[in-house]
Structures are given as C-alpha cells and as structure tokens.
Amino acid sequence: MMSQHPDRAALKERDALFPPATLGVIGSGQLGRMFIHAAQRMGYRAGVLSATEETPAAQVAHWMVIGPPDHLPALRAFAERAEAVTVEFENVSAPALRWLARRRRVRPGWRTLWISQNRLREKRFLARHNVPHAPWHSVRNEAELDDAVRGLGMPLILKTAASGYDGKGQILVETADQASGAWASLGRSPCVAEGWVDFAAELSVVVARGVDGGAVCYPVALNRHERHILDTTLMPAPVGPIVAREARGLALTVAQALETVGVLTVEFFLTADGQLMVNEIAPRPHNSGHLTIEAAIASQFEQQVRALCGLALGPTDLVMPAAMVNLLGDLWALAGGEPRWDDALAVDPGVMLHLYGKRTPATGRKMGHLTVLDPDPEAALYRALAARQALVAGHRISQFLVISS
Ligand code: AMP
C-alpha cells in the first residue's frame, strides 16, 4: 500500500464521528448510492439531498431532502439532519458548500470543488504545482482562440471550462478554419483549448486523504473509453513499476496540494514513450474505482465514509486483481428489453452484478456494472466482457479491448 505519513501534530485535531451518526450526501446518482451502502454497512444513518425521490441514492437512503443542491430551504433542511456532508459530483455550487460548511462538517471542502469544477482553474492549479498535463491555452475571446490555434497546432480539443463530463461540452478541431465555428457551437463560453495527446493508454489513480493529512492510494487502473464514456477498467494496470510509481506519486501530490479531505481521482494519459500527463481531477470516488468494492480490502466508498468521519483510512491493497465493465442503457436497446441477467450469471458465477436502480435505460446512461476478480487481470477483463456479451445474446457490443502484452 503506498501512503504518506500523517502530520502527527494534526492528529490531535482528529474529530471522529462514530456510528450511528447521521451522514448526508449531496447528489443522488450511483456514486451517492454506493456511498450510502458503505455508510450503512458500518452502522451510520445516511441520507441524501436529491432532486427527486426516484433516484439511485434516494432509493436506498434512510432519509432524503428533496430539492436542488443550491436551494437555501433545501440546504437548511439537509443541514438539520446531516451531521457530516459529502458530495457525489463536483458541480455543487461553492457558495452553497461554504454556507453548509459554516454549520456542518463538509468534506471535500469548497476549495477542492472550486478548482476541480472548472477546467481553467484546474489547469492553472496543475501548472502551479508542476504536475505534468497536456499543453493548453485559455479561450475567452477570439484573440485567445487565435493564440491557441497558433500555439497548439492541429488537431486540438476545445472543452468548456464549466460543467462538462463524459465528453459533453467538448469538440475536436481538426483544421484552423474550423476553430471559430467550433467555439461558437460551444456558445462562446470560456473554454480550455487542449493540444491533442496521442496517448497509448488512459490510467487513473484513486486517492483517499484523511483530516490528518495522511493519504493512501489504490493501484493504478487502466481505463478504456467508448464515445468518451468509461467502458472498461482493469486493476492493477499492466504498466511497469516506474510508471505505476510515478502515477501514484502524482496522484498523492495532487491530493496533498489541494489539501482535500475525502476521496479524489486523478485521470492520466500515458504516451507511447512512457510520459504521464494529468487529464482530469475528480474530487470524489470514480467509476474506475467501482471494482474496489470487491477487489480491495477497503473500497473507495468506505474510504469516503472514513475520511468524512475522521476515522483511520482503510487498506487499499487488492485481495485480487479485477476488471469492471460498465452497463450502459444501450444494452437494453440491443437486448430488445431487459438484458438476460440469468445467462450472464450462469455463464460465469464469479461475475458480480451491480445495478443502480435507474428506471429508464437511455443511450449512454450508466445503468450498472459488472466486476470480476481473477488472479490474472486480463482474464478478469475477458470474463467480464463475455458476461456482458451474454446479456445481449447474439448482438455484438462494439469492439472489445485487446491488450498487447
Ligand atoms: P475528459 O472529459 O477531458 O476526460 O475527456 C474525455 C475523453 O476524451 C478522454 O478520456 C480521452 O479519451 C479524450 N480526450 C480528452 N482530451 C484529450 C486530448 N487532449 N487528447 C486526446 N484525447 C483526449
């Protein structure tokens, strides 16, 4: 387990909150649901601030407050019930979090969210801390757009500074004369222009950092995306020890520089010559860490609970290598209805099924995932892919990942 030693003086400030204390999560998707599962297993009472009642997290919560996350009456009702608050997505407004933080313990704090919810602030933060990242320019007017085109060359990617995820708010610019039209299609909102990175692989590292400054991280994950959405994860990534050490070291550096308390994920590009570049920071558990529920001694969600409550962080060691494949709403369309759960589980009883309780299987919507543990991580991935294929019988699912050894 890779870790950094806690600041002993700060240990005094430890403020453990024990079960059956009441915890609250802002945001109500699958990440909130899995946080609540972990909290409940440890004996906490867990509630959610949710937009509606029928959400993945609200379905399993002990209690809920219905309302938008920056609506004062909803926040007030939420603060009355939750003794400690965490978030499941980064786009919670910083003023709302600051308001809450004056009344309740909120982890991660508003500064972590403030930086990670805006790509311009995130890039400046990475540059300030000498963390390698893709070349970029800010684009807030036509002159800056021209500078970006000249400075970065082609192709480049324009990404809106605020509220982008899963490839939304991004556009590939292949020739200089497309740049102005591409920016217009993003509403001329403040953007980051990023140089194209010809990466060999995408990696991520999930870190947990406690209130005493001690931090631990999981082994490196290898991720593959389809249509900008995470499709498969394999842990530990089949990368050499130098790359693994550097990726984990950089992820810990980011967590320490942000002084975040909670779980944080750093996504990387790895180039063919072994260079790592940070692509994105997510100040929360991450889709690529879902397999830690079965594969690690303490899952990323348990770490979120422990950090929030000021408990000692758990071990991040894997009990076995593992792979995860996402189940998107597209599968329901391919299967012509409910996927064949019985076939997938009968093919391989070692396949762990997670469904998030979402009623409407839209294209690209994350409905659940499958996890498989296997001493050989590549075998875990093939088994998970085979089980997913069995869900839709004869219908072929896009391409399969082939890992060169
Ligand atoms: P993001 O939302 O920034 O994580 O981007 C989503 C996906 O788009 C990434 O996981 C990459 O597959 C791809 N991508 C984003 N930025 C770049 C880049 N600068 N060069 C190449 N591919 C990129």
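## Strand E13 and its neighbours

Strand E11 (residues 199–209) runs antiparallel to E13, and the two pair over three bridges. Strands here are DSSP E runs of at least two residues, helices are H or I runs of at least four, and both are numbered from the N terminus; pairing takes at least two DSSP bridges between two strands. This is a predicted model, where local features need pLDDT of at least 70 and side-chain atom pairs count only at pLDDT 80 or more, while totals for chains, interfaces and linings use all residues. Residues are numbered from 1 along each chain as its sequence is written, and side-chain values use heavy atoms, with hydrogens and water left out.

Asn 223 of E13 is the bridge partner of Glu 202, and Asn 223 also has a bridge partner in E14, Thr 233. E13 and strand E14 (residues 229–235) are antiparallel too, with five bridges. Two residues sit between the strands in this hairpin, and Arg 227 takes a positive phi near 50° there.

Five of the six residues of E13 (residues 221–226) are buried, so the strand is largely enclosed by the rest of the structure. Buried means under 20% relative accessible area, exposed over 50%, and partly exposed in between (1.4 Å probe, protein chains only).

## Helix H4

Helix H4 (residues 94–101) has buried residues too: Ala 94, Ala 96, Leu 97, Trp 99 and Leu 100. They pack (contact is heavy atoms within 4.5 Å) against strand E2 (22–26), helix H3 (72–81), strand E5 (84–87), strand E6 (105–106) and helix H5 (110–116).

## Around Met 320

Met 320 lies in the loop between helix H11 (300–308) and strand E17 (322–328). With 30% relative accessibility, Met 320 counts as partly exposed.
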